[in-house]
Amino acid sequence: MKMTVKQLSTASIPMTAVGKKKVTSKIKQGLVIGSFLAPALLVYGIFVLYSIVMTFYYSLFDWSGIDNTFKFIGLQNYIKLLHDELFWASLKNNSLLVFSSLLM
């Protein structure tokens with residue numbers, strides 16, 4: 001049986017050792033990538049995601065923003081908003097502003 005140079009070089013190393021090296025290097029690479037991404041994801045989670053969730057949570061209450069009295073009213077704020085003419089005029093004006101700025 002004739003063996004090539006490549007077969008001879010890997011014949012003495014057990015396959016489990018070669019497989020473990022590849023797996024551990026991939027795990028280390030994943031940990032390095034994760035350690036670089038973790039601070040950015042933490043900041044994003046605190047300042048963006050938390051703010052969005054809390055804004056929606058506060059919109060379900062009748063709250064002045066100053067005192068500590070919260071009265072749960074559910075979706076009444078959204079229903080009130082849909083019937084407000086000033087909201088629709090503001091939405092139209094903002095939409096025109098956004099579309100016109102995209103065209104320029």
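View 1. Tyr58 is partly exposed, with 34% relative accessible area (buried means under 20%, exposed over 50%, and partly exposed in between, using a 1.4 Å probe and protein chains only). This is a predicted model, so local features need pLDDT of at least 70 and side-chain atom pairs count only at pLDDT 80 or more, while totals for chains, interfaces and linings use all residues. Residues are numbered from 1 along each chain as its sequence is written, and side-chain values use heavy atoms, with hydrogens and water left out. Tyr58 teams up with Trp63 in a tilted aromatic pair, 4.9 Å centre to centre with 35° between the planes. Trp63 is partly exposed too, at 31%.

View 2. How do you describe two aromatic rings together? You give the distance of the centres and the angle of the planes. For Tyr57 and Tyr58, that's 5.7 Å centre to centre and 55° between the planes, a tilted pair. Here's the rule: rings of Phe, Tyr and Trp (its six-membered ring) pair if their centres lie within 6.5 Å; planes under 30 degrees apart are stacked, over 60 edge-to-face, and the rest tilted. Why does Tyr57 count as partly exposed? Because its relative accessibility is 40%.

**View 3. The aromatic cluster.** Searching the whole structure turns up nine aromatic pairs.

View 4. Leu42, Val43, Tyr44, Ile46, Phe47, Val48, Leu49 and Ile52 make a nonpolar surface patch of about 780 Å². To join a patch, residues need over 30% relative accessible area and no salt bridge; nonpolar side chains (Val, Leu, Ile, Met, Phe, Trp, Tyr) are joined within 5 Å, like charges within 9 Å. A salt bridge is a side-chain nitrogen of Lys or Arg within 4 Å of a carboxyl oxygen of Asp or Glu. Tyr44 sits in helix α2 (residues 15–59) and counts as partly exposed, at 43%.

**View 5. Zooming out.** The protein has four helices and two strands, in the order α-α-β-β-α-α along the sequence. Helices (H or I, at least four residues) and strands (E, at least two) are DSSP runs, numbered from the N terminus. Mean pLDDT (the predictor's confidence in each residue, from 0 to 100) is 86 for the protein. Confidence is lowest in helix α1 (residues 5–11), with a mean of 54, and highest in helix α4 (residues 85–103), at 96.

Methods
Accessible areas come from the Shrake-Rupley method with a 1.4 Å probe; for residues, only the protein chains shown count as cover.
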